[in-house]
Amino acid sequence: MRTVDEKTNAYLRLLERVERSDALDGVIGVVNPWARRLVAKEPVRRFLHGEATGIPVHIVAKDMPFGAWFMAQFLDCFPDEGTRRAATRLVGLGLVGAVPAAVTGWADWVATGRGARRVGVVHAAANGVATAAFAGSWVARVNDRHRLGVGLARFGGVVLAAGGFLGGSLSRRRRAVDRRAARVVVGEHAD
């Protein structure tokens, strides 16, 4: 099995540059107090971070807007009125689901280190742009401007996928940290 060479992988180099970029620290300083308030109460923090299940709520919550929006784009491939209505409804469902996905994402973000927070800010910005594009798509669709709605959804889908790659990197990093912490704990008990 071939491993990814971090020195030649452009995506990993870009992630590393974002992690090191102190240009994002001003945004972190503004967002951090608000995000900390989300998890200020221990029962809420424990729930959002998935301490009972081992799965942070964001991992599940982000699936609704992502799935709804990509299914809408699939339905956009069909020209009949029924699929247009269904696609419009899916775009709206994604907008509703974007709210809990964002809130749970910020709750996870507050528990990360500086480099991951920087990547998280870019991830959130991409998802915000995608959400705005899908909001525009929904407005266009309900105002019988279907072609514009489809175009905005396609743009939103591309941006959402880019944001998803960043979020996936954050999630993968968290699992790696959790596995290392578990090995340390297991190692401590073995002594």
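Start by selecting E42 and R45 in helix α3 (residues 42-48), which lie 3 residues apart and are therefore separated by about one helical turn; helices here are DSSP runs of H or I with at least four residues, numbered from the N terminus. This is a predicted model, in which local features need pLDDT of at least 70 and side-chain atom pairs count only at pLDDT 80 or more, while totals for chains, interfaces and linings use all residues. Residues are numbered from 1 along each chain as its sequence is written, and side-chain values use heavy atoms, with hydrogens and water left out.

Show the side chains of this pair, and you will find that E42 forms a salt bridge with R45, with the closest N and O atoms 3.7 Å apart. A salt bridge is counted when a side-chain nitrogen of Lys or Arg lies within 4 Å of a carboxyl oxygen of Asp or Glu. Side chains of opposite charge can pair when their charged atoms come close. E42 is partly exposed, with a relative accessible area of 47%, and R45 is partly exposed as well, at 25%; buried means under 20% relative accessible area, exposed means over 50%, and partly exposed lies in between (1.4 Å probe, protein chains only).

E51 has a relative accessible area of 40% and R46 one of 41%. Salt bridges that share partners join E42, R45, R46 and E51 into one network.

Now move to R114 and D25, where another salt bridge is found, at 3.7 Å from N to O. This pair links distant parts of the chain, since R114 belongs to helix α7 and D25 to helix α2, 89 residues apart. R114 is partly exposed at 46% relative accessibility, and D25 is partly exposed at 22%. A search of the whole structure finds 8 salt bridges.

Keep α2 and α7 on screen and look along their axes. Two packed helices are described by the angle between their axes and the distance between the axes. Here the angle is about 90° and the axes are 10 Å apart, the axes being lines fitted to C-alpha atoms over the stretch in contact, with angles running from 0 to 180 degrees between N-to-C directions. The two helices α2 and α7 are therefore roughly perpendicular to each other, a description used for angles of 65 to 115 degrees. To see the contact (heavy atoms within 4.5 Å), select D25, V27, I28 and N32 in α2 together with R114, R117, R118 and V121 in α7.

Then bring in α1, which packs against α7 at an angle of about 110°, with the axes 7 Å apart. On the α1 side the contact is made by L15, V18, E19 and R20, and on the α7 side by G115, R118, V119 and V122.

Finally, select A35, V39, W106, W109, V110, V119 and V121, which have the most contacts inside the largest nonpolar core, a group of 17 residues. Such a core is a set of buried Ala, Val, Leu, Ile, Met, Phe, Trp, Tyr and Cys residues joined through side-chain atoms within 4.5 Å. The elements that give two or more residues to this core are α1 (10-20), α2 (25-38), α6 (81-109), α7 (114-142) and α8 (146-190). A second, separate core of 13 residues includes A72, V91, A130 and L160.

Key
Parallel < 35°, antiparallel > 145°, perpendicular 65-115°, else oblique.
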